[in-house]
Amino acid sequence: MLSLNDIWVHYGPVAAVKGISLEVEENEIVTLIGANGAGKTTTMRTITGLHHPTSGEVRFCGERIDRLDPEKINALGIAMVPEGRRVFPQMTVMENLEMGAYLRSDTAGMKRDIEEIFGYFPILEERQKQLAGTMSGGQQQMVAMARALMSGPRLLLLDEPSLGLSPIMSQQIAKIIKALHQAGRTIVLVEQNARLALLLAKHAYVMETGSIAFHGLAEDLRDDPKIRETYLGV
């Protein structure tokens, strides 16, 4: 479904991503893990068109997308939940969801999706008239995820969904990610909580200073001595 081939991304003269390649198959969860500054978020922003690579190709369902604008990439079926949630704080929960569907015109389909989303996030149905900025961090994360789902994506990118959340709320978000995957969603997950990420994903890529240091089945990386020592604290 998604492939990155020898992607380089620069900020001025500095290379933030250095020739990485990765593959995401349909209906799987793939995770990117690594320390702060490893290039994970830059990679996600490159997939969505917020950064254009210096060289290399990004393809989605066979179509090259690395020179497209973000709104065109979103229209193709890619949506990202950004790090830090970034909800519209002065808008209600429902207004945030409607913003996620700004490219859509299928009213009946949007109504069905809202009902489905409320099944994943029942608290949002209860608080659909509440201003998003007055909600807890975990609830705002749910708003951000629900907003992305309202675009009807084939591929969902999650950038640090557990960041700043309590362990209980992190587990709740993990359950929702599992449920989305079981419903057929393809997901790319960037997550500093490597233990959680490797439990959720099928395949994993470990980034170090802009490069892919390790990749393989997540269950194999969970058992790798270096991964366990460096990223899992074992």
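## Ground rules

Because the model is predicted, local features need pLDDT of at least 70 and side-chain atom pairs count only at pLDDT 80 or more, while totals for chains, interfaces and linings use all residues. Residues are numbered from 1 along each chain as its sequence is written, and side-chain values use heavy atoms, with hydrogens and water left out.

## Helix α3 and its cover

Let us start with helix α3, residues 93-100. Helices (H or I, at least four residues) and strands (E, at least two) are DSSP runs, numbered from the N terminus. In α3, the buried residues are V93, M94, N96, L97 and G100. Down the helix axis they fall within an arc of 160°, so they line one face of α3; the arc is that of the directions from the helix axis to the C-beta atoms. As a reminder, an α-helix has 3.6 residues a turn, so residues three or four places apart point the same way.

Buried here means under 20% relative accessible area, exposed means over 50%, and partly exposed is in between (1.4 Å probe, protein chains only). What lies over that buried face? The cover of the buried residues of α3 includes α4 (107-120), α5 (122-126) and α6 (137-149).

## The largest pocket

The largest pocket has a volume of about 570 Å³. A pocket is found on a 1 Å grid over the protein atoms alone, as an open set of points where a 1.4 Å probe fits, with protein on both sides within 12 Å along at least five of seven lines; lining residues have an atom within 4 Å of a point. Grid points are joined across faces, edges and corners, and the volume is the space filled by probe spheres set on the points.

Of the 21 lining residues, N74, A79, M80, P82 and Y102 are the closest to the centre of the pocket. Helices α2 (70-76), α3 and α6, along with strand β6 (78-81), each give two or more residues to the lining. By class, the lining has 13 nonpolar, 4 polar and 4 charged residues. Nonpolar covers Ala, Val, Leu, Ile, Met, Phe, Trp, Tyr, Cys and Pro, charged covers Asp, Glu, Lys and Arg, and the others, Gly among them, count as polar.

## An aromatic pair

Rings of Phe, Tyr and Trp (its six-membered ring) pair if their centres lie within 6.5 Å; planes under 30 degrees apart count as stacked, over 60 as edge-to-face and the rest as tilted. This rule gives 1 aromatic pair. The ring centres of Y120 and F121 are 6.5 Å apart and their planes stand at 65°, so the pair is edge-to-face. Y120 is buried at 19% relative accessible area, and F121 is buried at 0%.

## Two loops with positive phi

N27 has a positive phi of about 65° although it is not a glycine. You will find N27 in the loop between β2 (14-24) and β3 (29-33), where it is partly exposed at 42% relative accessibility. Leaving out residues up to four places away in sequence, N27 touches H181, G184, R185 and T186, with contact meaning heavy atoms within 4.5 Å.

T209 sits in the loop between β9 (203-208) and β10 (211-217) and is exposed at 58% relative accessibility.

S162 belongs to the loop between β7 (155-159) and α7 (167-182). Is S162 buried or exposed? S162 is buried, with a relative accessible area of 10%. Not counting residues up to four places away in sequence, S162 touches S170, E191, N193 and L196.

G138 lies in helix α6 and is buried at 5% relative accessible area. Beyond its neighbours within four places in sequence, G138 is in contact with L165, M169 and I173. C-alpha to C-alpha, G138 and W8 are 34 Å apart in space and 130 residues apart in sequence.

A15 is placed in strand β2 and is partly exposed, with a relative accessible area of 22%. Not counting residues up to four places away in sequence, A15 touches W8, V9 and H10. P225, in helix α10 (residues 225-230), is exposed at 62% relative accessible area.
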